Amino acid sequence: MQINWEKELIPFHQAVEELKIKFKGIREEYVSMGIHSPIEFVMGRVKPVPSILQKAARKNIPEDQILKRMKDIAGIRIICQFVDDIYTVVKLIKQRNDLKVLGEKDYVREQKESGYRSYHIVIEYPIHTVSGPRHILVEIQIRTLSMNFWATIEHSLNYKYGGEIPTHIQKRLQRAAEASFLLDEEMSKIKDEIQEAQKAFAKKNTRNR
Ligand code: 0O2
């Protein structure tokens with residue numbers, strides 16, 4: 001049976017849009033209280049159909065099972081300033097009663113061989129369609145600005161080289177991953193200093209408006 005992807009992906013778009021609003025709302029709450037927000041910014045996407053089909057082929061998922069089994073058709077990415085913020089966001093997600101956590105992977109503490117670091121949480125998110133309630137699988141990736149920079153670059157290189165990044169570039173990427181790790185570590189050490197400066201800067205900007 002031919003899948004009508006445009007129609008089938010509508011609930012996934014809805015889940016992504018709703019979750020984006022909710023996580024952005026958390027940031028706004030922190031900002032309005034004048035407290036450091038563990039969420040710097042939020043992005044979301046529905047995986048493009050060619051990528052869905054490629055991944056399904058790679059993972060041997062039959063086409064009629066893709067929508068139920070693929071965990072990251074709907075994806076949310078939460079970007080934080082500091083590594084500690086990642087764990088605060090994880091806690092905030094686990095406290096919510098509008099979603100159910102199905103699984104998590106801590107690639108922050110246990111980075112992948114490629115050098116990739118990020119915290120992944122797979123959730124089941126309920127949405128309401130005209131034909132009734134639906135539960136949508138969503139993968140939430142939580143990472144620092146530095147981890148995001150590295151992952152974005154590595155992702156483009158992977159795409160450019162069709163998954164076979166030349167060894168000399170892989171080595172550079174590994175060094176870049178170490179540099180990214182050190183950057184996160186150094187920033188964490190002066191976190192209080194940075195946060196005070198950011199608070200003062202935000203106050204100055206409000207006064208000048
Ligand atoms: P895209 O284009 O970003 O969507 P699983 O079924 O959970 O065992 P899966 O789905 O591979 O296997 O889970 P995993 O390892 O948690 O990775 C899911 C997503 O994490 C990937 O989706 C990437 O977005 C990101 N990711 C994982 N490893 C790497 C990496 O080494 N480098 C980069 N840049 N991103 C990574 P997709 O579908 O591969 O890609």
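I took helices (H or I, at least four residues) and strands (E, at least two) as DSSP runs, numbered from the N terminus.

**Model.** I worked on a predicted model, where local features need pLDDT of at least 70, side-chain atom pairs count only at pLDDT 80 or more, and totals for chains, interfaces and linings use all residues. Residues are numbered from 1 along each chain as its sequence is written, and side-chain values use heavy atoms, with hydrogens and water left out.

**Fold.** I read the order of elements from the N terminus as α-α-β-α-α-β-α-β-β-β-α-α-α. The chain has 8 helices and 5 strands. I noted that its C-alpha trace spans about 60 × 50 × 30 Å along the principal axes.

I looked up where the ligand sits, and found it in the largest pocket. A pocket here is an open set of points on a 1 Å grid over the protein atoms alone, where a 1.4 Å probe fits, with protein on both sides within 12 Å along at least five of seven lines. Elements giving two or more residues to the shell around the ligand are α3 (49–58), β5 (132–144) and α6 (145–160). Helix α6 gives the most, with 3 residues.

I then listed the surrounding residues (a heavy atom within 4 Å). There are 18, and the closest are K47, K55, K105, S114 and E154. I sorted the shell by class and got 11 charged, 4 polar and 3 nonpolar residues.

**Polar contacts.** I used N or O pairs within 3.5 Å. For the side chain of K71, the N or O atom is 3.5 Å from a ligand oxygen.

**Aromatic pairs.** I counted 2 in the structure (ring centres within 6.5 Å). One of them, Y87 with Y119, is edge-to-face (planes over 60 degrees apart), at 5.7 Å centre to centre and 85° between the planes. Y87 is in helix α5 (residues 83–95) and Y119 in strand β4 (residues 119–129), 32 residues apart.

How values were computed:
A polar contact is a pair of N or O atoms within 3.5 Å; within protein, one must be able to donate a hydrogen and the other to accept it, and residues adjacent in sequence count only if both atoms are side-chain atoms. On a 1 Å grid over the protein atoms alone, a cavity is a set of points where a 1.4 Å probe fits but cannot get out, and a pocket is an open set with protein on both sides within 12 Å along at least five of seven lines; lining residues have an atom within 4 Å of a point. A molecule sits in a cavity or pocket if more than half of its atoms lie within 2 Å of its grid points. Ala, Val, Leu, Ile, Met, Phe, Trp, Tyr, Cys and Pro count as nonpolar, Asp, Glu, Lys and Arg as charged, and the others, Gly among them, as polar. Rings of Phe, Tyr and Trp (its six-membered ring) pair if their centres lie within 6.5 Å; planes under 30 degrees apart count as stacked, over 60 as edge-to-face and the rest as tilted.
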